[in-house]
Amino acid sequence: MKTKVRTITCNNKGFTLVELLVASTIAILCISSIVTMLIRSREIETGDRYRRYARALVISELEDSKYHHTQYTTLKTSVGTTTKNVIIDTRGNYDDIQGTMTVSIGAEDVRTSSDGVDFNFVPISVTISWSTTDGNDSITLTKTITRII
Amino acid sequence: MNLSKQNGFALVGAIAVCSILTIVAMGLVNVVVNEVENEAKSFENDRAFLAAESGLLFGATWVKDPSSCQQVKVMSKGSIIENIFPDLAVNGITVQVDIIKQDSGVDIRSTAFCNDELGYNKTQVWSAYGSASNPYDHIFNGNCGFVGGGENTQIYYDGIYNTDIKCNGNVQGKKEYDIKVYGNISAHGNVQEIAPEEGGTIEENAAEIEVPEFDYDSYFKEANSDGIVYNGDMDFENITLDPDNGVVYVKGNVVIKGNVTLNGCIVARDNIKIEGSFTQNQVVDNMPALLSKNGNIDLLHQGGTITGVISSRQGNIMVKERWTFQGGLIAGENVQIENYVELNIQDGSPIWSFDGGDFCDNITFERWREFMVAPGGI
């Protein structure tokens, strides 16, 4: 019995201090990198989610009936910019991500067809901009409206 | 061999752990990069979608323009006018608008091209298809046509035919009756016991004729907008049918009893049977009188005058009593006339026209936003 205990003790010499320090340093570096990457990944994912929500709001606004081609006469006399607040993401009582939607109705313009006829149109741009702790962001989409006689 | 007994195991172990962690980290990086790429592509899709939609409006406006419409009107089916707005760009994306002539009206194709913003040489495409239809484009000229159709034509009693008789089977008359044909007679089969008056010709073993098809969907749309639509079998009895645009569409069989007056035409999915007194007035030039999409047309009661083509595209036409037709009798199968009938067509030539109606005044865009095609869809 004594002999067996002695053998186990002799084979279990353990790591040297240098080995432990090197291993610990590498492990700390790796883990901190991964944690940083996870945090950054989450930030990017959150930013992308806000952009998706913002795009949906922009598309929804552009599809509104007031920008239908039947409203052309009204639109062409409504040149200017309007602004309103929108909620991009609902997170809680005071943590909603809020943004600003800007709708710009441009001046009537002309495109000429291949057979030389001028056709008028009105450009409409919708921009949503917002701020988070990670910085500012915005998206802009444009469509044009012509009048079908 | 027990590795833990070897010197340097800690280093090997650390490298192994580091490798695993590196692979995990690279996977995460890949996920994040893909996410960023997908977001960028989604944004590009939205830009292209709106650009294509804008181009569609340009195309529709172009088609409705009087001068453009005249160009479209004379195009043959399938011909394309490409890129009618060469300088068109929306959202910074080039848009190509093409006009494609169809049987009735046109298709408008608006395609937005763009490269994504990540430097990949891949094209995002959104195509918007619109459809401008002209429901009267398919309607026969009411004063043209012929007697006959896809199979046999049989005429058993007296009659005056100021038109041609032609069919893909046999033309059969009865020589003991006074059947006057002031046009030509031609049959893919034989011509028996009937002959044209002086100046007319008989042709046997003639080339097969193409029995014209009507655009029943257009008639349904017309009936649905300003006409009358019945969603099942209908017995009309002692009634005046007076739709605003002259089109009555019945999704089933039609039986006419008693005294019925029709101002326009009846288009039925199945059979049309006239058992009573029937008065019909053509209210729109070039409009047909009676159309059966899948069934037969039987005129059993003694009648008056019907103005416009009578067509049973898939079935038979039977006329049993006296009628006067200002138009053709055209069946996909047999035409059988059993009593005195007069067809008053000034021109004996067997012609029909698909150019009836005014193309430009009747263009509608009611279904034009149903055809958006996603990237990769064309």
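Start in chain B of this predicted model and select its open sheet of 10 strands, where the pairing is parallel and the strand order is 14-12-9-6-28-25-22-19-17-15. Next, pick strand 14 (202–203) and strand 15 (228–230) of chain B: these stand at the edges with a single partner strand each, so one side of each has no neighbour in the sheet.

Move to strand 25 (residues 310–312) and strand 28 (residues 329–331) of chain B, which run parallel and are joined by 3 bridges.

Now show helix 3 (residues 216–226) of chain B. Helix 3 lies across strand 15, strand 17 (247–250), strand 19 (265–268) and strand 22 (290–292) of chain B, and runs at about 110° to strand 17.

Stay in chain B for two loop residues. Most residues other than glycine have a negative phi. Asn205(B), in the loop between strand 14 and helix 3, has a positive phi near 55°. Asn205(B) is exposed, because its relative accessible area of 62% is over 50%. Asn83(B) also has a positive phi, of about 50°, and sits in the loop between strand 1 (80–81) and strand 2 (89–90). At 27% relative accessibility, Asn83(B) is partly exposed.

Finish in chain A with strand 3 (residues 109–112) and strand 4 (residues 118–132), an antiparallel pair joined by 4 bridges. Asp109(A) has Phe121(A) in strand 4 as its bridge partner. The two strands form a hairpin with 5 residues between them, and in the turn Gly116(A) has a positive phi of about 85°.

Technical notes: Residues are numbered from 1 along each chain as its sequence is written. Chains are lettered from A and ligands numbered from 1 in the order in which they are written. This is a predicted model: local features need pLDDT of at least 70, side-chain atom pairs count only at pLDDT 80 or more; totals for chains, interfaces and linings use all residues. Side-chain values use heavy atoms; hydrogens and water are left out. Two strands pair if DSSP finds at least two bridges between them. Contact means heavy atoms within 4.5 Å. Axes are lines fitted to C-alpha atoms, for helices over the stretch in contact, and angles run from 0 to 180 degrees between N-to-C directions. Buried means under 20% relative accessible area, exposed over 50%, partly exposed in between (1.4 Å probe, protein chains only).
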